[in-house]
Amino acid sequence: TVLYAAQVALDHVRCLYVDYGATDAQAHASFEDAVRTQSGWHVRLPPTSVEHDLTLVGVRRCPLGLGPHAHALYRVAGHEVSLYITPGGERGERTIEALGFVERLWSGHDRTYALVARGLAPADLDRVEAYFRASAE
């Protein structure tokens, strides 16, 4: 679990600040279709939510050491936040600090979810996590 947390933290930084190849946020439905076609698994990414002050800014399919991930990049209250969805795995529910990021991990629907953020107030993290849990699959 700590290795997974470190890998998604590093990928979060790479995708936001180094790799400018993120898919346009408006294309997230076609991204979901591409993941289904290429990998055979269905992924639903939480859309932009004005109510939650959350904007989807890009989507990627990131091949980390633990297998491919659906990676959605968001902006929340002026901070960059990532949601990773990894097929399989039961890492349980936990909060981990890795490389200066706070990560909330949970499992469900035979997937592992990781919310990666830095600088968000605990109440904002709780709000975003609740929205992701209700919206993602």
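How many residues does helix 3 have, and how far does helix 3 reach from its first C-alpha to its last? The views below come from a predicted model, in which local features need pLDDT of at least 70, side-chain atom pairs count only at pLDDT 80 or more, and totals for chains, interfaces and linings use all residues. Residues are numbered from 1 along each chain as its sequence is written, and side-chain values use heavy atoms, without hydrogens and water.

View A. Helix 3 has 14 residues and reaches 20 Å, close to the 20 Å expected at 1.5 Å a residue (1.5 Å times one less than the number of residues). Helices are DSSP runs of H or I, at least four residues, and strands are runs of E, at least two, numbered from the N terminus.

**View B. The largest nonpolar core.** This core has 23 residues (buried Ala, Val, Leu, Ile, Met, Phe, Trp, Tyr and Cys joined through side-chain atoms within 4.5 Å). Leu-45, Tyr-74, Val-81, Leu-83, Ile-85 and Phe-132 touch the most other members. Strands 2, 3, 4 and 7 and helix 3 each supply at least two residues.

**View C. Ser-82 in strand 4.** Ser-82 counts as buried because its relative accessibility is 0%. Its side chain makes a polar contact with the side chain of His-71 (2.7 Å). Such a contact is a pair of N or O atoms within 3.5 Å; within protein, one must be able to donate a hydrogen and the other to accept it, and residues adjacent in sequence count only if both atoms are side-chain atoms.

Terms used: Buried < 20%, exposed > 50% of the residue type's maximum accessible area, 1.4 Å probe, protein only.
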